[in-house]
Structure formats: C-alpha cells, structure tokens
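Let's take a friendly walk through this two-chain model, one region at a time. Keep the structure open as you read.

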Amino acid sequence: MGERVILHADINNFYASVECLHRPEIRNKPVAVCGDPAARHGIVLAKNYPAKATGIKTGEVIWQARQKCPQLVVVPPNYPLYLRFGRLARNIYSSYTDQVEPFGLDEAWLDVSGSTHIFGDGIRIADEIRERIKSELGITASVGVSYNKIFAKLGSDMKKPDATTVITRDNFKQVVWPLPAGDLLYVGRATKHKLARRGISSIGDIAGNDPGYLRSFLGKWGEVLWSFANGFDSSAVVRQGEESLIKSVGNSITTPRDLESDEDVQMIFYVLSESVAARMREHGFKCRTVQIQVRDKDLSSFGAQGKFSKPTYISSDLAEKAMELFRANYSWANPIRSVGVRGCDLIAADSQEQLSLFENEARRMKQDKIEATVDVLRYRFGHFSIQRAVLLKDNDLGAINPKEEHVIHPVAFFKEGRLP
Amino acid sequence: MMEEKNYCHPHKVYVSVKAVFHSDGGFKPVSFIWEDGQEYEISRVTDIRRAASLKAGGSGIRYTCRVENREVYLFLEEDRWFMEKK
C-alpha cells in the first residue's frame, strides 16, 4: 500500500465568519460572537481577524474584550445556522471521500488516499475544497495535507486564512519541529508546564527525547506524544457513521444563577437526568454507571461516579444516584456554578435482564411506562408541556431545557481518552 | 429549539416564488414577486449551483435566471428565496 494522504480542514473563525457573511455591514469591523451575559455565558466564543488583532482571546468575558477594543461589535451565537454550515462543509468533504471524521463542528479529517487517482494529489484536493468552501459557503478554510492525522492538523493551523499547508516525510523536521510543544494535539496547559520544567519547549525537543524518559513523568501519554512528534501516528480517519458508537451520554450546564443548597442542586440534577435519560432511550441504551461533575464559583471542580445495581434509563434513578454522590462528596465550601450528569457503561436497552426478587419489579415497569409516555407528550406538545413539580419552585432553574439546547462539542481524538 | 434568526440587510430581499414541480421530480422557478409587488417572469434558468452571496449576505442554491433580458440571481436558502438588491 502506498503512503496515506490525510487532509485536515479547519474553517477559519467559524462562528464569526458565518456571522460576518450574514451581516455585510460589520464584515470589516472587529466582531466577537459572545454567549448571553444574562444567562452567564457572556464569554467570547469566536472572533474575526480584526478583533484578533486587538489581542482578544476566545474564552474572555465580554468586558475584558471591550477593554482591549472599545469599538468591538458583539453578536449573539446562532447555533442552528452554524450546524447548517457545518453540514454543508461536510457535504463538500464527502464528495471526495467517504472517510470523513468530524472534530467538532468546524474541523474534520479526510482520508483521501483512495481518491487521488480520481481527483489528483492531496494538494489539489485541498485547494479544490478551499475553493468550494469559499464560493459555495462564503467562508474560508485552512487545510493541512500530510501522511498522518497529527501533522495534517498541525498543517491546518499554520497558515490562515484560506491556505493549504503540506507536511511531508521530507520536510516535517524543518516545518514541525521548531513549533512550540503546546501546538501538538493533546499537549494542554498542564503537560506544557511539565515539559517546560524539563527544558522541553518545542515539538522537536519532544521528538528528540527518550520515550522512556517522557513516560517517566507523563505516563503512557509520554510515549504517545513522542510518536506524534516523530510522525509515527497511524490512527485511522474514522469513517462517517462509525464514529457514532456512543460510549456515554451526558449533559452539563452553567446555571443561570449560582446554586446554593442541596435543593437547588437536586432540581438541576432532575433537569439534566431527564435529558440524559431521554437521550439514552432515544438511542436505545441503558447505563450501569452515573458520573457527576461539579464546579464551584471559583471554578475548582470535582467528579464522582457510582454504579447501579442494574442498568437503567429512568431519570429518577439517575437523579437520585447523582444526588447521593453529590451529598457524599460536597461540603458546600462555595456556591456552585455548573453541574453535569453523565450515564456511562452503556448497554443495549433490550438486552436480557435479571429480575430481582427483592425489588419491586412492577414499580420499575410502571416507571418505564411513565417515562415513555413523557417522551411522547414532549415530542408532540413540546418540552414544557409536562414537568416535575419540583422544577416549578424556581423559574430560572426550572426553565432550562438541556436536551434541545444541547450543543455539539468536539469529541475526543481518542474516544473516552483511551490510548491507541 | 432555538430559531434560526433572520438577518435583515438592505441588499437582501426575500421574495415569493412560483415554481413548477415536475412529475419526475425536481422543480424550476417560473416567476417571482419583487418588493414593489410586481411579478416578473423567468424566461430561462441558465445555471444552478450552490453559491454564497457576499453582497446580500447568505448562501444557498443559486439559480441564474433570465428576466426581461437581464441576468439575475435567485438564491434558495433552505426553504426561502432571496435576491440581491443593487
């Protein structure tokens, strides 16, 4: 088999570009797409190049951004529109290969090894894709071309906007190795510090080190990063459709106000559990484990997980277990800013089940039926057509609908953080 | 579900369109009503492709149409049609 040809396409400033396309009047001004300050999501989600030039960073709160750039134009996000443009971009990719692996809404890997004899080499396909994104969608993309996914992604980060970057076996030492270690996929802040303390600052430094040494302070990831840096990554571009092997179903939310009591937290756990349970039922799963994630107002966070005696997709099971975990692990040192509930260890909902002699099975079956009925009612008459009484106690917290407001976040490169 | 918001811009004009749906599938626009209320007949569609309109601000399937001996673009954006205003 010949050399693989992998492309990584990254739409430049995705949210901001889509907004600027639809608002010609602000196209040349500094623009930031920001979350809703009233719902406490008031941070910069994306910005265009004029805004970037003023030093505004993604994740900054709006007032910080305004300090750097008083004439900043702030626009609210329009997720349905971004989803549409993400889909249109993927349609373009899939006219060159069926091996397209989306990474979030705005990025994707393409394995075009099998299509080069039809469309021309990797560079030619990359240029054509860029041309089509520009003319058909009115936004731009940067594309990296290489023989592995890691270098393809690095390539798409190197020249922006609207450019193709090629990284080959012959040039990667000159192109990739001088880059800072933090540019490598999966080198986050913590890893970067660990590396820096040992005098490892560039990707070349990682590549030139002894993998055993890297392992001694980074664990298994040390060797993985070493192989990334040397271009040994051989992970496959996961074909469309196959990536949907769901490993867990979760929802988290930054609440409209800080949570201050067990009662508040319980309310949110019910809201999230209902959404998680409904999505598990939709996909035909039950979970055997539930995880919770809690972040207080100083942004320090903890997680905990617990097992069920039998698999479930009933929302009250999830919420009660989540509450039990929460009570055992949190002492209310601070009010809470965000919480999450996740069902994992999934099994198919229709798998065989051992009935218990000691539990009320008739009651469980009844609960099953109730939840299925709620699903139908909500499908026909809307989410808020039926609600738990507990949620009526607080208008702000009870009015959250995480199932439908659920936004797609990038999936991990290795699903569930598992090593290749 | 959040609504996909509409973006108003003086160069983007949403229009009503009459179309013929063919018995073997597919359709073709035959006339549109411009913002002055007048109906204009499309004598010929010369090109159909996906394209962005930087002028009006949007993207969709672009129909290049002959109307009264002039060439105009008609964009199908999801389920609405828009045109560029000079």
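## A hairpin in chain B

In chain B, β1(B) and strand β2 (residues 27-33) run antiparallel and are paired over 6 bridges. Helices (H or I, at least four residues) and strands (E, at least two) are DSSP runs, numbered from the N terminus, and two strands pair if DSSP finds at least two bridges between them. Within this pairing, Phe21(B) has Phe27(B) in β2(B) as its bridge partner. The two strands make a hairpin with 5 residues between them, and in the turn Gly25(B) has a positive phi of about 95 degrees.

Strand β1 (residues 12-21) of chain B has another antiparallel partner, strand β7 (residues 80-84) of chain B, joined over 4 bridges.

## How to read the model

This is a predicted model, in which local features need pLDDT of at least 70 and side-chain atom pairs count only at pLDDT 80 or more, while totals for chains, interfaces and linings use all residues. Residues are numbered from 1 along each chain as its sequence is written, and chains are lettered from A and ligands numbered from 1 in the order in which they are written.

## Where the chains meet

The contact draws 14 residues from chain B and 14 residues from chain A; two residues are in contact if their C-beta atoms, placed from the backbone, lie within 7 Å. On the chain B side, β4 (44-53) and β5 (58-67) are the elements that give two or more residues. The largest share, 3 residues, comes from β4(B).

## A sheet and its helix in chain A

Chain A holds an open sheet of 5 strands in the order β5-β6-β1-β7-β8, with mixed pairing. Its edge strands are β5 (100-103) and β8 (164-166), each pairing on one side only. Inside the sheet, strand β1 (residues 6-11) and strand β7 (residues 141-146) of chain A run antiparallel and are joined by 6 bridges.

Helix α6 (residues 122-137) of chain A lies across β1, β7 and β8 of chain A, at about 170 degrees to β7(A). Such angles run from 0 to 180 degrees between N-to-C directions, with axes being lines fitted to C-alpha atoms, for helices over the stretch in contact.

## Cores and a buried helix

Which residues touch the most other members of the largest nonpolar core? Of its 68 residues, they are Leu7(A), Ala32(A), Tyr93(A), Leu110(A), Ile129(A) and Leu225(A). A nonpolar core is a set of buried Ala, Val, Leu, Ile, Met, Phe, Trp, Tyr and Cys residues joined through C-beta atoms within 7 Å. Beyond its neighbours within four places in sequence, Leu7(A) has contacts including Trp109(A), Leu110(A), Ile125(A) and Val143(A).

In helix α12 (residues 220-229) of chain A, the buried residues include Val224(A), Leu225(A), Trp226(A) and Phe228(A). A residue is buried if 20 or more other C-beta atoms lie within 10 Å of its own, exposed if 12 or fewer, and partly exposed in between, with C-beta atoms placed from the backbone. The buried residues of α12(A) pack against α7 (149-158), α10 (203-208) and α11 (211-218) of chain A. Just after α12(A), Gly231(A) takes a positive phi of about 80 degrees.

## An exposed lysine

Lys393(A) sits in the loop between α15 (361-381) and α16 (395-398) of chain A. Why does Lys393(A) count as exposed? Because Lys393(A) has 12 other C-beta atoms within 10 Å. Lys393(A) and Asp264(A) are 129 residues apart in sequence, and their C-alpha atoms are 9.6 Å apart in space.
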